[in-house]
Amino acid sequence: MNLERGVLLISEPFLNDGHFDRSVILVCDHKESGSFGLVLNKPTEHVLEDVLSELAVFPATAGLPLYLGGPVEQNTLHYIHTLGPALEGSEYIGEGFYLGGSFEQLKELLRSEPIEPGQIRFFLGYSGWQAGQLDKEYEEKTWITGKNIPEDLLEIEPAALWRSLLLRLGGKYKELANYPIDPRLN
């Protein structure tokens, strides 16, 4: 499988990296110059209105959790959504998912229409790789890849996402889904 925009990176269970243990990352861009992705299953203690108080007046954003997109530039806000071209400047990632777009238009949508949690997810920071770095990690089998982004991706409980995706891949991945976090405790 080629690494490209829209690929899901599922960390292999033996990865001993505090940032990416049992992570699922959506690759939002992969070029020769480097790669950019967002960790989908690491919610923070914060909600959207904690960082954007102007959105606190919108019922659609009440209690919307913020996720840790990765260890890079955690002072930046990113979002993926299924709102499509309703937001000018949105970048198609794949399987009906988009990255970013006009924040002013997003605020108008939030003000006027109910948006379901499965339609949008907000992230602080991102995961980034320098030129060739992600390809090397893939060759070293740091990541298991999934090409088909499931429709219910943003609806799966974050704590269950890693395991759920491995089970959906089936075969040898089904066994990895049950691998204990610390095998010494078995």
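Which side chains meet in a salt bridge with an N to O distance of 3.4 Å, one of them being D29? The partner of D29 is R5. A salt bridge here is a side-chain nitrogen of Lys or Arg within 4 Å of a carboxyl oxygen of Asp or Glu. The model is a predicted one, in which local features need pLDDT of at least 70 and side-chain atom pairs count only at pLDDT 80 or more, while totals for chains, interfaces and linings use all residues. Residues are numbered from 1 along each chain as its sequence is written, and side-chain values use heavy atoms, with hydrogens and water left out.

Strands (E, at least two residues) and helices (H or I, at least four) are DSSP runs numbered from the N terminus. R5 also forms a salt bridge with E91, where the closest N and O atoms are 3.1 Å apart. That pair links distant parts of the chain, since E91 is in strand β7 (residues 91-94) and R5 is 86 residues away in the segment before β1. D29 in turn has a salt bridge with K31, with 3.4 Å between the closest N and O atoms.

The cut-offs are under 20% relative accessible area for buried, over 50% for exposed and in between for partly exposed (1.4 Å probe, protein chains only). The areas come from the Shrake-Rupley method with a 1.4 Å probe, and for residues only the protein chains shown count as cover.

The next topic is the aromatic rings. Rings of Phe, Tyr and Trp (its six-membered ring) pair if their centres lie within 6.5 Å; planes under 30 degrees apart count as stacked, over 60 as edge-to-face and the rest as tilted. By this rule there are seven aromatic pairs. In one of them, the ring centres of F20 and W143 are 5.8 Å apart and the planes stand at 75°, so the pair is edge-to-face. F20 lies in the loop between β1 (8-11) and β2 (24-31) and W143 in strand β10 (residues 143-146), so the pair ties together parts that are 123 residues apart in sequence. F20 is buried at 11% relative accessible area, and W143 is buried at 4%.

W143 also pairs edge-to-face with W129, at 6.5 Å centre to centre and 85° between the planes. W129 is in strand β9 and W143 in strand β10, so this pair joins parts 14 residues apart in sequence. W129 is buried too, with a relative accessible area of 6%. F20, W129 and W143 form one aromatic cluster.

On the surface, E95, E116, E151 and E155 gather in a patch of negative charge. Such a patch takes residues with over 30% relative accessible area and no salt bridge, and joins like charges within 9 Å. Asp and Glu count as negative, and the place of a Glu charge is taken as CD. E116 is found in the loop between α2 (103-112) and β9 (120-130). E95 is in the loop between β7 and β8 (97-99) and is partly exposed at 44% relative accessibility. E95 has a positive phi of about 50° although it is not a glycine.

Key: Patches are made of residues with over 30% relative accessible area and no salt bridge: like charges are joined within 9 Å, nonpolar side chains (Val, Leu, Ile, Met, Phe, Trp, Tyr) within 5 Å.
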